[in-house]
Amino acid sequence: MHTLPELLALEKIIELGAPHLEVRVVRQVSLPSGECFPIHSIAVGNPSLDVPAVGFFGGVHGLERIGAEVVIAYLQNVVMRLQWDTTLHRQLEQVRLVFMPAVNPGGMWAATRANPRGVDLMRNAPVDATDRVPIGVGGQRVSAGLPWYRGRVGDAMEEESQALCEVATQELLARPFSISIDCHSGFGLKDRLWFPFAHTRKPIAHLPELHALQEIFLQAHSHHQYIIEPQSAQYLAHGDLWDHLYLQACRDVPGHTFLPLTLEMGSWAWIKKNPRQLFSRNGIFNPLIDHRQQRVLRRHLSLLDFLARAACSHARWVPTPGQRAQRRADALAAWYG
């Protein structure tokens, strides 16, 4: 019996939502010390491949536990509302919500960024940067004892990476329209919403759709706290899983729209308010004071709920073929000017 707090909380929510949820264990991760942890995929809503979907992912980096907790908090919000919210039931007839809150439970247990084999899952995909990456941070193959290790050349992706890609391929890429959001922490003072690419500074094909998504978000949340930008505006990296999945979607299902987002919660703000967190490995990536953690869990629920609504109503805001050229020009000016 494992005692990982996030998994215990997740299993309680699964029990509460049992009549409505589709739950499967995608992989089992075993540690050398004997512990064994499941990687869950939880889905709710219309299973038809004709309807849009949103994927919510967390815990890819074991140290960034707040990412898993944000996804679990939104899943709990959905499950509890299913008991009384007629509007939510109607919404779920037209959309599919998929949750993987703890992609790297072994890393969460060990309090490491990497998985138990020392591999950074967000450097593990078979995508090499076409432009120069920062030394170390961009991914390295020297040693699993150093941060940002990609794994050995030619090895299959790690079990955790395969689990994420399997769920994303089956539940998101197979649909005409889908969005994903992967919740992380640790970059800067501001909360950021990143979109691909990480391996190149070139813009992605679905830039018009991302610009339109940003516009309706600004209309609905004019006082939001996010910086919305391509990841390449900050740094490039090898092996990004979302670059890999986006390229796969463009190659295998060219008529479909898949918009992968990454939420980077600005953990430096928590350190600024409580400098003692610098002396704690968890404190660099997570709010350690209860009221700050509760505030973080609250503040991102509206974003996750917005994405569910946006996917459900995508036909109302996705640019038409005649609008895409202007949208692309506006997006290039805003993000790549």
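# Reading a predicted protein, one residue at a time

Modeller: Let's start with serine 302, which is partly exposed, at a relative accessible area of 37%. This is a predicted model, so local features need pLDDT of at least 70 and side-chain atom pairs count only at pLDDT 80 or more, while totals for chains, interfaces and linings use all residues. Residues are numbered from 1 along each chain as its sequence is written, and side-chain values use heavy atoms, with hydrogens and water left out.

Biologist: What makes a residue buried, exposed or partly exposed?

Modeller: Buried is under 20% relative accessible area, exposed is over 50%, and partly exposed is in between (1.4 Å probe, protein chains only). Aspartate 120 has 1% relative accessibility, so aspartate 120 is buried. Glutamate 209 has 4%, so glutamate 209 counts as buried too. Across the protein, buried residues make up 56% of the 337.

Biologist: Which helix holds serine 302?

Modeller: Helices here are DSSP runs of H or I with at least four residues, strands are runs of E with at least two, and both are numbered from the N terminus. Serine 302 sits in α10, residues 301–312. Glutamate 209 belongs to α6, residues 207–220, but aspartate 120 is in the loop between α4 (105–110) and α5 (159–173). The whole protein has eleven helices and eight strands.

Biologist: Which residues does aspartate 120 contact?

Modeller: Contact means heavy atoms within 4.5 Å. Skip the neighbours within four places in sequence, and aspartate 120 is in contact with His61, Arg113, Ala114, Trp148 and Tyr149. Treat glutamate 209 likewise, leaving out residues up to four places away, and glutamate 209 touches Thr257, Leu259, Trp317, Val318, Pro319 and Arg324.

Biologist: What polar contact joins the side chain of aspartate 120 to another?

Modeller: A polar contact pairs N or O atoms within 3.5 Å; within protein, one must be able to donate a hydrogen and the other to accept it, and residues adjacent in sequence count only if both atoms are side-chain atoms. The side chains of aspartate 120 and arginine 113 make one at 2.5 Å. A polar atom of the aspartate 120 side chain also lies 3.0 Å from the backbone nitrogen of methionine 122.

Biologist: How far apart are the C-alpha atoms of serine 302 and tyrosine 74?

Modeller: They're separated by 9.2 Å, though the two residues are 228 apart along the chain. Now look at the protein's contacts between residues at least 6 apart in sequence: 79% of those join residues at least 24 apart.

Biologist: And what box do the C-alpha atoms fill?

Modeller: Roughly 55 × 50 × 40 Å, taken along the principal axes.
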